[in-house]
Amino acid sequence: MKASKIAYKPVGMALGAVSGMLAGAAFKQAWKVIGRQDDAPDATDQDRSWREVLIAAALQGAIFAVVKAAVDRSGATATHRLTGTWPG
């Protein structure tokens with residue numbers, strides 16, 4: 001394993017935590033607009049329909065994936081600019 005890849009591990013982990021927080025906040029805001037409610041449904045919420053639960057889960061997954069990819073790519077690009085080596 002390359003030294004740059006090992007050195008990037010803690011950075012990648014920190015970026016992963018940040019991306020999770022950003023994705024969670026983005027999902028909450030998106031759900032307020034789309035679902036017209038403050039709280040998204042849980043899978044075990046008896047008062048919510050299948051459709052609502054599955055739409056919320058799909059939206060949450062899509063937002064998480066996009067935010068994670070954007071943050072990971074930004075971190076790798078910044079590392080490349082600073083060190084001259086791509087961390088991947």
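This short talk covers the nonpolar core and the salt bridges of this structure. One caution before we start: the model is predicted.

Core first. The largest nonpolar core has 8 residues. They are A23, F27, W31, A56, L59, I63, V67 and V71. Which helices supply them? Helix α1, residues 3–34, and helix α2, residues 50–83, each give at least two. The most comes from α2, with 5 residues.

Look at I63 in that core. Set aside its neighbours within four places in sequence. I63 is then in contact with A23, A26, F27 and A30. Two of those names, A23 and F27, are also on the core list.

Now the charges. Side chains of opposite charge can pair when their charged atoms come close. How many salt bridges turn up in the whole structure? The search finds 3.

Start with D72 and K68. Their side chains meet in a salt bridge, 2.8 Å from N to O. Both residues lie in helix α2. They sit 4 residues apart, about one turn of the helix. Buried or exposed? D72 has 25% relative accessibility, so it counts as partly exposed. K68 is at 32%, so it also counts as partly exposed.

Next, a network. Salt bridges that share partners join D45, R48 and E52. D45 bridges to R48, with the closest N and O atoms 3.7 Å apart. The side chain of E52 also meets that of R48, at 3.4 Å, N to O. What about burial here? E52 and R48 are both buried. D45 is at 27% relative accessibility, so it counts as partly exposed.

That's the tour. Happy to take questions.

Key
Residues numbered from 1 in each chain as written. Predicted model: local features only at pLDDT ≥ 70, side-chain atom pairs only at ≥ 80, totals over all residues. Heavy atoms only, no water. Core = buried A, V, L, I, M, F, W, Y, C linked by side-chain atoms within 4.5 Å. Buried < 20%, exposed > 50% of the residue type's maximum accessible area, 1.4 Å probe, protein only. Contact = heavy atoms within 4.5 Å. Salt bridge = Lys/Arg side-chain N within 4 Å of Asp/Glu carboxyl O.
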